[in-house]
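Please look through the sequence and the model below before reading on, and keep both at hand. The paragraphs that follow go from a single contact inside the protein to the ligand, and then to the helices and loops.

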Amino acid sequence: MQKFIITGGCRLSGELTLQGSKNSALPIMAAALLGEGESVLRNCPTLTDVYSASRILSCLGCKCSISDGNAVIDPCGASGSEIPEELMREMRSSIMFMGAILGRTGECTFSVPGGCELGPRPIDMHLAALRKLGADISDCGGRIHCRIAGGRARGAKINLPFPSVGATENIILCAVCAEGETIVNNAAREPEICDLCSFLRKRGADIKGDGESTIVISGTDKLHGCEHTVMPDRIAGATYLSMVAAAGGEIILKNTCTAEMEPFLSVLEQTGCRIYPAENRIYLRSGARLRAVRDRIRTMPHPGFPTDAQAVLMAALATADGASVFEENIFDCRYRHTAALCKMGADIEVLGKVAVVRGVPKLRGADVEATDLRGGAAMAAAALAAEGTTCLSGISHIDRGYEKFEEAVSSLGGRIRRV
Ligand code: UD1
């Protein structure tokens, strides 16, 4: 089991080019399974989750190669419809292949990933939506089998009870090759959904309204290959900015999707950091002690404050002047990183979905274990701000979502080693 040894207390400074988005690359890789023709994905991040997605594609009979930040995917001859249990376990977001497999073959068998690091992650909305598109679904000892009579989904009107990102993506992936029109109401509006739709449109799909609450998809049976550049990772961006805010220093973040990061940037700015955003780069300078954020930080579906940035911002606010209050509205169990931050000297009280962070003057290094991807990144940010050395284990979580994490941190002058 690898670990990061991080010695904090030095200011960070430098330039960083943002990686491609994990949450965009994964559904786009699933979308490449549909239709015919080779898809070339540029700026595809080199991450363990991306390799897991590539293994799923290979197991379905699809050709997939990844090198130098490019993924080349050719679905010609892909006829598999089953995701083995071990691949489902490797990556919980494998669930998003369900819509694409159904769209391609008219049937799909997979297992539901069990209890999860962020609390229960049910897939009821995914299944209800696929039923509307014509799938018969049965559960046999934890293996779920979906089958569409006649092999081709039929367009439908789907009202989501909550704007779930994954369910919206699965609907799009299944409906894009369906017969007729699908209307999704209360769809998720996350930028990664727009990136998925932009990829599919390049392939010949007819999708309108992505980025808004109602998405209209007119099915087609002809999707061809294309070349697409995966959008920048706004959550990795939020992480590196929070890190510099926490440790002090300055950063020029390049290849950003600045407009899409606005819900995060507007909160970070309240800490007193100087932020100069341009279209595709962000300059941040963190001076003296940060200020607590006055308004309650409520995680909400986009364009609200992103749940994925809650932990990393909390690490920065752990040493701010005053108390900040978080309200986690997306996941039930997304404060598991707070125990590690408290071990490092933070003063955080969790009451249900609220966390009160009373800023302390200093954090100190400790032995801590990453509990999940963003929680692990928050611990690394806290370690860089802390006095002394932190031994951070469980870093396979971090490798799921951050490309060459220690190289990025070292390039800013952070003292980090993988052992
Ligand atoms: C995606 C992101 C994740 C992010 C989350 C919210 C990917 C790979 N992951 O996850 O990083 O934190 O969006 O922005 O893109 N829910 C149900 N039933 C369902 C589906 C979801 O109850 O069928 C619940 C979930 O348990 C959760 C909430 O809805 O409480 C939001 O989940 P969802 O938007 O679906 O998140 P994911 O797609 O899993």
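A polar contact is a pair of N or O atoms within 3.5 Å; within protein, one of the two must be able to donate a hydrogen and the other to accept it, and residues adjacent in sequence count only if both atoms are side-chain atoms. This is a predicted model, in which local features need pLDDT of at least 70 and side-chain atom pairs count only at pLDDT 80 or more, while totals for chains, interfaces and linings use all residues. Residues are numbered from 1 along each chain as its sequence is written, and side-chain values use heavy atoms, with hydrogens and water left out.

Thr 239 has its place in helix α8, where helices (H or I, at least four residues) and strands (E, at least two) are DSSP runs numbered from the N terminus. A residue is called buried if its relative accessible area is under 20%, exposed if that value is over 50%, and partly exposed in between, with a 1.4 Å probe and protein chains only. Thr 239 has a relative accessible area of 0%, and therefore it is buried.

What does the rest of α8 look like, covered or open? The helix is mostly covered, as 14 of its 14 residues are buried. The expected span of a helix is 1.5 Å times one less than its number of residues, so the 14 residues of α8 (residues 234-247) should span 20 Å, and the end C-alpha atoms, which are 20 Å apart, agree with this. At the N-terminal end, α8 is capped by Asp 233, which has a side-chain oxygen 3.0 Å from the backbone nitrogen of Ile 235. Just after α8, Gly 248 takes a positive phi of about 85°.

Helix α12 (residues 373-385) can be read in a similar manner. The 13 residues of α12 should span 18 Å at 1.5 Å a residue, and the end C-alpha atoms are 19 Å apart, which agrees. Because 13 of the 13 residues of α12 are buried, this helix is largely enclosed by the rest of the structure. At the start of α12, a side-chain oxygen of Asp 372 comes to within 3.3 Å of the backbone nitrogen of Arg 374.

Ser 164 has a polar side-chain atom 2.6 Å from an oxygen atom of the ligand, Gly 166 has a backbone N or O atom 2.8 Å from an oxygen atom of the ligand, and Arg 334 has a polar side-chain atom 3.4 Å from an oxygen atom of the ligand. On its own the ligand has 750 Å² of accessible area, and the protein covers 85% of it.

Most residues other than glycine have a negative phi, and most peptide bonds are trans. Asn 43, in the loop between β3 (39-42) and α2 (48-59), has a positive phi near 60°, and with a relative accessible area of 25% it is partly exposed. Asn 255, in the loop between β14 (249-254) and α9 (262-268), also has a positive phi, near 60°, and at 29% relative accessibility Asn 255 counts as partly exposed.

The loop between β17 (297-298) and α10 (310-317) contains Thr 299 as well as Pro 303. The peptide bond from His 302 to Pro 303 is cis, with omega near 10°. Thr 299, at 0% relative accessibility, counts as buried, and the side chain of Thr 299 reaches the backbone nitrogen of Asn 329 at 2.8 Å.

Key:
Areas by Shrake-Rupley, 256 points an atom, 1.4 Å probe, with all protein chains shown as cover.
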